[in-house]
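Thanks, everyone, for making the time this morning.

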Amino acid sequence: MADPRAESEPLLSRARGDGGRDCPAGSASCRPGAAPWRDLCFDQAAVFIEDAIQYRSINHRMDVRSMWLYRLYYSNACQWILSFTIFLILFLAFIESPSSLTSTADVRYRSAPWDPPCGLTEGVEVLCLLVFVADVSVKSYLVGWAQFRTNPWLLAYLVVLVVSLTDWIVSLSLLCQEWLRIRRLLRPFFLMQNSSMMKKTLKCIRSSLPEMASVLLLLALHLCVFTMSGMLLFTGEKMIPAYSKNRAYAIFFIVFTLIGSLFLMNLLTAIIYNQFRGYLMKSFQTSLFRRRLGARAAFEVLSSVTAEGEAHPREVGVRPRDFLQVLQRVQLDGSHTQAVMEKVRSYGGDLLSAGEFQKLFNEFDKRVIKEPPPRPEYPSPFLRRAQIVFSHRYFDYLGNFIALGNLVSISVFLVVDADVLPGDRDDFVLGILNCIFILYYLLELLLKVFALGLPGYLAHSSNVFDGLLTVVLLVLEISTLAVYRFPHPGWKPETLGLLSLWDMARLVNSLIVVRFLRIIPSLKLMAVVASTILDLIRNMRAFGGILVVVYYVFAILGISLFRGVIVAPGNGSLSPDNSSAPCGSFEQLEYWPNNFDDFAAALITLWNVMVVNNWQVFLDAYRRYSGPWSKIYFVLWWLVSSVVWVNLFLALILENFLHKWDRRSHLQSLAGDPDSTYQTSAELLFREVLEEPTEDELMEKLSHHPHLRLCR
């Protein structure tokens with residue numbers, strides 16, 4: 001085991017000689033069997049187990065002080081502070097000059113934005129940068145100098161911090177009047193370096209760049225050829241009116257669309273999917289290897305303790321009581337700890353082999369479902385039968401059917417009264433129906449509480465939502481009756497303010513549609529689709545993070561390039577007013593809020609261009625206001641967002657859905673029966689299609705650990 005005073009001492013998995021260790025003379029804590037030595041072993045095993053659970057690398061220092069720092073760094077408090085710091089430094093773009101703190105982005109109506117005094121946002125920024133300095137310092141110390149020199153992300157982290165701090169000093173020396181702040185462009189790096197999934201995604205994108213470049217080159221050649229052909233064919237006249245003169249001109253547009261949109265763009269999609277095919281599986285495979293490696297390292301540590309406790313060890317293994325003691329030191333939620341403890345106790349007093357030790361970690365992939373509270377017991381047979389009826393799933397189906405009737409009635413009356421003035425409406429029938437539906441919801445709530453008991457009713461999130469919605473509807477209905485009296489023929493509730501109480505009640509009623517989400521688990525094929533969507537949301541964090549990075553960088557660039565170029569008519573602007581502007585132009589469409597005068601407006605503008613919402617209008621407007629070079633910016637943004645990222649997202653959907661759909665017959669066997677106390681995670685769902693690392697691969701990797709050495 002590693003010497004607590006010398007981190008470079010070897011970690012032994014077996015006894016060696018009499019002492020089993022190369023220890024400094026007189027070191028009581030290093031002698032096998034001593035309490036400090038066992039305590040060190042258990043701490044190291046606990047850290048390895050935490051690494052395995054969280055799929056972290058085990059290539060870090062393992063001495064006492066380093067382990068304390070390591071566990072502190074990965075504690076919930078420190079990780080929350082780091083995540084909040086990343087959010088805060090990114091959020092500064094909304095507050096610092098040019099500030100987004102205005103009610104509108106329209107240049108015609110926007111008031112003067114608040115300009116923070118020099119040093120205010122800079123003070124918050126330097127605090128964030130100091131947190132990142134502490135972060136990179138801790139990471140560098142924990143992995144060691146040798147690992148730090150070969151880690152490009154840590155080296156880039158250091159460079160970004162040096163550049164940011166230098167730029168911050170320059171900014172203060174110029175009294176915050178510089179036109180470009182380089183450190184703003186570097187801020188998204190802090191988000192990327194903190195996510196291993198984003199790093200893997202970037203690596204995959206980088207590997208697919210040559211293939212994407214070849215298709216983009218073909219696309220550029222395609223555009224060049226057809227542009228020259230169009231200029232020769234339609235000289236002196238517009239393209240579309242040419243079709244009215246000769247039908248043959250349609251061939252040009254059809255061929256252009258077939259080659260560009262249907263062939264080249266879909267070819268680009270196929271290339272990106274081919275690169276990302278297996279991306280999800282590779283990610284799970286890497287996670288599985290880290291899980292097995294961390295578990296094997298913990299096994300080696302604990303098996304060395306077992307060997308030291310026996311004079312002539314005949315087999316390699318871990319004592320269950322040792323593992324249970326280590327488990328008490330692991331930072332883990334109580335439900336998983338209890339499940340693993342029960343699994344360990346099922347082995348009795350026999351030593352745990354390496355395979356049995358690895359199987360214990362499958363329990364950490366299962367999400368424990370809490371047992372519902374016991375139902376109340378009634379002495380009367382009639383009440384017991386009523387309890388069975390009102391707790392049956394058919395009673396839920398009846399509630400869904402009633403809710404459907406509620407939605408249909410609201411929809412019908414909204415359509416019928418769409419063209420009727422509020423003063424001419426007669427809401428008598430709808431008012432009566434609304435009272436009936438709300439009374440049924442209240443009755444359903446009371447009957448379910450009777451059948452399940454209040455703790456049992458609150459144990460289901462769907463019941464909590466239904467109950468909260470019923471209470472809100474009841475309060476609104478009572479308020480409506482108190483203000484407008486009971487519905488009667490010719491009943492016309494007045495509109496008070498933006499929405500009357502009556503309109504508010506109908507609006508909340510529409511939320512009843514959420515009740516129908518409860519039927520999804522009962523339909524197997526729909527359940528597969530729904531679970532795929534949920535998995536996409538979980539796995540979209542990396543792709544969403546990349547999109548945030550791209551948006552952030554292009555928004556900052558857009559502010560630097562186009563801030564103030566869009567000026568409202570009458571303010572010294574060369575832009576015409578709406579009455580004289582050409583039809584379909586930026587001015588005639590009143591696209592004034594789409595500008596780069598602040599960070600929030602820049603994000604919305606980029607979004608509109610990404611979804612190709614009249615993007616030719618933006619190109620024409622910014623060409624007129626800032627020059628033809630602005631087209632380069634918008635074309636680059638379209639390529640990065642609409643072409644690359646959208647196809648990336650499509651590849652992720654195909655990868656996730658196809659694997660999930662192919663394995664739909666295994667959902668029941670992997671997740672267990674409906675009454676099971678566990679739900680399987682995505683990692684466990686794909687576990688049987690992953691390749692388990694061999695014993696030799698694990699031991700080979702452990703033998704090259706930079707901070708421990710095995711003796712066998």
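Let me begin with Arg56, whose charged end sits over the ring of Tyr74, 4.0 Å from the ring centre; a charge counts as over a ring if NZ of Lys or CZ of Arg is within 6 Å of the ring centre and within 35 degrees of the ring normal. Arg624 likewise lies over the face of Tyr625, here at 5.3 Å from the ring centre.

Before going on, please keep in mind that this is a predicted model, in which local features need pLDDT of at least 70 and side-chain atom pairs count only at pLDDT 80 or more, while totals for chains, interfaces and linings use all residues. Residues are numbered from 1 along each chain as its sequence is written, and side-chain values use heavy atoms, with hydrogens and water left out.

As for the chain overall, the secondary structure comes to 27 helices and two strands, where helices (H or I, at least four residues) and strands (E, at least two) are DSSP runs numbered from the N terminus. Of the 712 residues, 43% count as buried, meaning under 20% relative accessible area, with exposed being over 50% and partly exposed in between, for a 1.4 Å probe and protein chains only.

Turning to the rings, the structure holds 41 aromatic pairs, a pair being rings of Phe, Tyr and Trp (its six-membered ring) with centres within 6.5 Å, and planes under 30 degrees apart counting as stacked, over 60 as edge-to-face and the rest as tilted. One of them joins Phe390 and Phe395 edge-to-face, at 5.3 Å centre to centre and 70 degrees between the planes. Phe390 is partly exposed at 22% relative accessibility, whereas Phe395 is buried at 9%. Elsewhere, one aromatic cluster includes Tyr551, Phe554, Trp629 and Phe634.

Which residues touch the most other members of the largest nonpolar core? In that core of 113 residues they are Phe132, Phe190, Phe323, Phe357 and Phe634, a nonpolar core being a set of buried Ala, Val, Leu, Ile, Met, Phe, Trp, Tyr and Cys residues joined through side-chain atoms within 4.5 Å. Helix α21, residues 524-562, gives the largest share of this core, 14 residues.
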